[in-house]
Amino acid sequence: MQAYTIAMISNKQLFLLNTAQTSTTPKMLEIEHASGIYLYDTSGKAYIDLVSGFAVSNIGHRHPAVLDAIRAQLDKYLHLTVYGEYVQTPMVKFAEKLVSVLPSRLNNVYFVNSGAEATEGALKLAKRFTGRSQIISCHNAYHGSTHGALSVMGNEEFKQKYRPLLPDVSFINFNAVEDLELITTETACVIMETLQGEAGIRVADVDYMQMLRQRCDEVGALLILDEIQAAFGRTGKLFAFEHYGIVPDILLLAKALGGGMPIGAFVADKRVMGVLAENPILGHITTFGGHPVSCAAGLANLEVILEEQLVPTVFEKEALFRELLVHPKIREVRGMGLMLCMQLDSFQQVEQVSQLCGKEGVIIDWFLHCETAMRIAPPLIITTAEIRKVCKVILAALDQLA
Ligand code: PLP
């Protein structure tokens, strides 16, 4: 009798009942399988994923090379021990590949499990290396949701109920040269997204970024660039800092790093990273960081990005979106590469367009700190025919706005 009762409860009801909710209006899509840029719900309806699972699926969902790498690792071992003790081949090979595509001063990788954890590790590393406590972040920044990451979030609404947070955190305006003088010899680090994502895709000027780099060098503060959303080709370069001719002291990675598997990393020079290993030892610890299956998937993912030469295709795809997304309701198309957004006038419009697109099989979303813009960040493998198709759907939805 009890089995009968349980069988009558749908997965959607169980989702609401037994899994913690992060909003009162979840999307409630139940996906049966995913492939490439498509998600398929339980009725077989196909959706184009125009947000890439939030900047994760740069090479599409379930790329065959990633699946093969996962299967091969499953036959060897899963978790063995905590991070940093055993020589685990998938982690070693992945780190080797990663540093081979990074500038020489980013030569040492600390693998963690997520973006927020990468933020946490980097903040600790900067404090430890410099012996200073002040952290500078930007208004409207998003670096994750854990306590340290929340402390450097640039949106008071999300923070106020969780205070006290980390002390000695100050905020500057993104892309404001006049604020750079607030970075001083007291500053341990400046943490900044290379382009701000959740603020509604804000792109910094080249001059500003170069002055920021110079100011950090002058005062001995470490520059942490958060490319958790922007890396792995999304902006038309493998790493977004390449647009600016600068190199951070610490680079944060996650999201697309694992090709769909959970993994994050902070990357620095070995000389900097070395402080975590001494006096006391175990300055930063993680049980699952650099999980062998995630590392195997991450290596395959990076090889696909490089071998399929996905990055050079990004600019022409951006140009096509910009050419097609012209409509009286669109105030601006902002961003870089396939990290774009479409600025509308109100949240109501954004919600309505999102719902209309959903009905037509296009998944589109908004931003944490900018509810009036819509995120356009498809997998980099999207074809020009598919771009034309989704833009047609978006324009038809905009036509229906009052
Ligand atoms: N940093 C940036 C720029 C992000 O966009 C995100 C997530 O959206 C994070 C950090 C946090 O990553 P995670 O959700 O893996 O903790």
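Predicted model: local features only at pLDDT ≥ 70, side-chain atom pairs only at ≥ 80, totals over all residues.
Local features are given at pLDDT of at least 70 and side-chain atom pairs at pLDDT 80 or more, whereas totals for chains, interfaces and linings use all residues. Residues are numbered from 1 along each chain as its sequence is written, and side-chain values use heavy atoms, with hydrogens and water left out.

View 1. Helix 6 covers residues 115–130; helices are DSSP runs of H or I with at least four residues, numbered from the N terminus. Its 16 residues should span 22 Å at 1.5 Å a residue, and the end C-alpha atoms, 23 Å apart, agree with this. The expected span is 1.5 Å times one less than the number of residues. Ser114 caps the N-terminal end, with a side-chain oxygen 3.2 Å from the backbone nitrogen of Glu117. After the helix comes Gly131, whose phi is positive, near 70 degrees.

**View 2. Aromatic ring pairs.** Rings of Phe, Tyr and Trp (its six-membered ring) pair if their centres lie within 6.5 Å; planes under 30 degrees apart are stacked, over 60 edge-to-face, and the rest tilted. Eight aromatic pairs are counted by this rule. Tyr38 and Tyr40 have ring centres 6.3 Å apart and planes at 35 degrees, so this pair is tilted. Ring pairs also link Tyr83, Tyr110 and Phe266 into a cluster.

**View 3. The surroundings of Thr235.** Thr235 has 0% relative accessibility and therefore counts as buried (under 20% relative accessible area, with a 1.4 Å probe and protein chains only). Residues touched by Thr235, leaving aside those up to four places away in sequence, include Leu195, Val314, Phe315 and Met336; contact means heavy atoms within 4.5 Å.

Methods: Helix = DSSP H or I, 4+ residues; strand = E, 2+ residues; numbered from the N terminus. Polar contact = N/O pair within 3.5 Å; in protein donor to acceptor, adjacent residues only side chain to side chain. Buried < 20%, exposed > 50% of the residue type's maximum accessible area, 1.4 Å probe, protein only.
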